[in-house]
Amino acid sequence: MISRLKRLHLPTFAQMVEDFGHPSCSVIAAALGVHVRTVERWRRDDSAPRAALLALYWITHRGQAELNHDLAYRASIYTAHIQAAKDENERLKRELARVLALGDSGAANLPIYRAETAAELMARPARRVSPSP
């Protein structure tokens, strides 16, 4: 993910300021935590440190469009993963149904005791218990 920063072709400082609607140097300085004279120099030279350009880039229209594209791509990947999990779940349900339909095969390792379900226990008549002497 961080390798994307190396490939990112950033607009110039002037292009970013234009994208923001030409805010004052004091507004940009406050947003970036630098001195106003620093921003004035960047504007004059149309050159700012890459760190400042990166900080500003993600709030430009172009940076927001890139983020939205990335989010849409990730959403499609996650949707595909979810669909694959659903398909696998359905396949396993079919396999389980097939195995259960085979019924009692008389295997040597069948359990000797089968627990009764709650419905079976409730359907059984009550037993009288005599007190012990």
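Q: Are Phe-13 and Trp-42 buried or exposed?
A: Both Phe-13 and Trp-42 are buried, a term that means under 20% relative accessible area, with exposed being over 50% and partly exposed in between (1.4 Å probe, protein chains only). This is a predicted model, in which local features need pLDDT of at least 70, side-chain atom pairs count only at pLDDT 80 or more, and totals for chains, interfaces and linings use all residues. Residues are numbered from 1 along each chain as its sequence is written, and side-chain values use heavy atoms, with hydrogens and water left out.

Q: Why is the pair of Phe-13 and Trp-42 called edge-to-face?
A: Rings of Phe, Tyr and Trp (its six-membered ring) pair if their centres lie within 6.5 Å; planes under 30 degrees apart count as stacked, over 60 as edge-to-face and the rest as tilted. The ring centres of Phe-13 and Trp-42 are 5.8 Å apart and their planes stand at 75°, so the pair is edge-to-face.

Q: What makes Tyr-57 and Trp-58 an aromatic pair that is edge-to-face?
A: Their rings lie 4.8 Å centre to centre, with 75° between the planes.

Q: Why does Tyr-57 count as buried?
A: Tyr-57 counts as buried because its relative accessibility is 1%.

Q: Why does Trp-58 count as partly exposed?
A: The relative accessibility of Trp-58 is 23%, and therefore Trp-58 counts as partly exposed.

Q: How is Tyr-73 classed by relative accessibility?
A: Tyr-73 has 49% relative accessibility, so this residue counts as partly exposed.
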